[in-house]
Amino acid sequence: MEHSSSSNTTSELTTADDSKATILLMGLRRCGKSSICKVVFHSMQPLDTLYLESTSKPTTEHFSTLIDLSVMELPGQLNYFEPNYDSERLFQNVGALVYVIDSQDEYLNALANLSMIIEYAYKVNPKINIEVLIHKVDGLSEDFKLDTQRDIMQRIGDELLDLGLEGVSISFYLTSIFDHTIYEAFSRIVQKLIVELPFLENMLDNLVQQSNIEKCFLFDVNSKIYVSTDSSPVDIQTYEVCAEFVDVILDLENLYKSTETTGFMDKEMMGVSKLNNGVYIYLKQMIRGLALVGLIRTNTTGNNNNNNFLAVIDYNVDIFKKGLQEIWAHTRLNKQNQISTSSTFVDNTNDPRHNLITSSNI
Ligand SMILES: Nc1nc2c(ncn2[C@@H]2O[C@H](COP(=O)(O)OP(=O)(O)OP(=O)(O)O)[C@@H](O)[C@H]2O)c(=O)[nH]1
């Protein structure tokens with residue numbers, strides 16, 4: 001994921017780049033917005049966020065992964081409903097509104113603020129995804145976490161009912177920067193903005209079935225956000241193992257990088273390792289800063305068989321990569337032509353998925 005940051009003035013705030021999917025990050029002061037940005041998108045160590053200064057101006061991070069994305073952080077102390085903010089334009093152009101609630105603090109004010117924002121945002125943009133992060137849950141016991149979530153959901157639900165807003169879809173996530181929950185939440189938020197997600201998921205399902213892969217993720221290697229996974233349920237421990245493997249391979253890559261190369265994009269990154277429980281973990285670099293990571297359970301013994309199953313997986317993963325390249329090419333074309341992406345891939349007679357081979361073929 002390539003990224004850059006900028007600090008917006010009031011006028012820039014209202015002229016956000018329409019060509020990018022925008023995520024608005026909002027919440028009261030000190031709820032943890034900047035920490036989330038720094039940890040997820042700049043790999044800052046969670047403990048270092050203790051010393052972050054309060055943000056006084058809106059700031060935007062630009063990210064390029066399978067889609068171009070902007071994350072705009074709005075400081076808690078600003079009132080966006082003042083006449084000098086064009087809040088209508090602001091909410092009209094965003095894909096997702098992420099509202100952060102500090103669960104370790106008294107949150108009634110935050111809920112009142114959130115209801116006011118939802119009422120306004122939903123009016124100007126009924127398609128907006130409302131995502132609520134019940135944040136800093138590392139300080140709460142397991143029971144108290146669930147009680148807090150229940151209480152917040154109940155209060156927001158009642159508030160929206162009073163406002164006559166019954167159709168709003170809101171998702172809630174329990175998050176902390178001290179574990180993988182914040183990455184998991186952002187993965188799900190970003191995935192909702194990827195129009196091609198059903199195609200990706202379908203391709204991953206095909207790959208998993210044909211190659212005896214137990215679970216696989218398409219990771220953005222820099223942020224550890226997964227932009228897609230196969231349709232089997234995600235278990236957070238599996239995610240953690242795969243995300244950590246990305247770090248291990250990146251570290252090895254940096255360690256042995258030749259001095260002439262300028263970054264990991266220069267040659268294809270890949271790695272396979274056998275875990276203690278006998279499961280293989282496999283990683284291969286894809287396009288645009290993405291890497292495919294999969295867990296493979298195999299009952300084969302002996303080197304020869306191992307080589308066979310890896311050969312099948314390599315072959316199928318290369319075909320998956322070609323499919324990904326096609327999706328990316330179509331996405332760019334569609335952007336240029338302003339055509340709806342949804343109908344583009346349906347009638348693809350040259351679909352590389354048809355060439356996948358099954359493990360039993362070898
Ligand atoms: N325990 C815990 N503390 C967190 C977490 N996330 C952020 N914090 C702490 O919360 C404090 C405030 O974080 P910031 O990121 O500065 O909050 P902000 O919302 O950007 O604040 P403003 O810029 O004032 O709007 C910092 O001391 C962080 O270390 C978390 O998940 N758990």
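The legends below describe close-up views of a predicted model.

Residue numbers start from 1 along each chain, in the order in which its sequence is written. Because the model is predicted, local features need pLDDT of at least 70 and side-chain atom pairs count only at pLDDT 80 or more, while totals for chains, interfaces and linings use all residues.

**View 1. The protein as a whole, with nine helices and twelve strands.** Helices (H or I, at least four residues) and strands (E, at least two) are DSSP runs, numbered from the N terminus. Of the 362 residues in the protein, 34% are buried. A residue is buried if 20 or more other C-beta atoms lie within 10 Å of its own, exposed if 12 or fewer, and partly exposed in between, with C-beta atoms placed from the backbone. Among contacts with a separation of 6 or more, 73% are between residues 24 or more positions apart. Two residues are in contact if their C-beta atoms, placed from the backbone, lie within 7 Å.

**View 2. The shell of 22 residues around the ligand.** Gly32, Ser34, Ser35, Ser54 and Thr55 are the closest. By class, the shell holds six nonpolar, eleven polar and five charged residues. Here Ala, Val, Leu, Ile, Met, Phe, Trp, Tyr, Cys and Pro count as nonpolar, Asp, Glu, Lys and Arg as charged, and the others, Gly among them, as polar. Helix H2 (residues 33-42) gives the largest share of the shell, three residues.

View 3. Just after H2, Ser43 has a positive phi of about 50 degrees.

**View 4. The contact between domain 1 and domain 2.** The domain assignment, which is automatic or taken from a database, gives domain 1 as 2-191 and domain 2 as 197-361. On the domain 1 side 13 residues are in contact with 16 residues of domain 2. H2 and helix H6 (181-191) each supply at least two residues of the domain 1 side. The largest share of that side, six residues, comes from H6. Its classes are six nonpolar, five polar and two charged residues.

**View 5. Strand S8 (residues 213-220) and the strands joined to it.** S8 is mostly covered, with seven of its eight residues buried. Two strands pair if DSSP finds at least two bridges between them. S8 runs antiparallel to strand S12 (residues 290-296) and is joined to S12 by seven bridges; Phe217 has Val293 of S12 as its bridge partner. S8 also runs antiparallel to strand S9 (residues 226-229), with three bridges, and Leu218 has Ser228 of S9 as its bridge partner. Five residues lie between S8 and S9 in the hairpin that they form.

**View 6. Positive phi values at Asn212 and Lys224.** Most residues other than glycine have a negative phi. Asn212, in the loop between helix H7 (197-211) and S8, has a phi near 60 degrees. Asn212 is partly exposed, because 18 other C-beta atoms lie within 10 Å. Lys224, in the loop between S8 and S9, has a phi near 65 degrees. Lys224 counts as buried because it has 24 C-beta neighbours inside 10 Å.

Note on methods
Near = placed C-beta within 6 Å.
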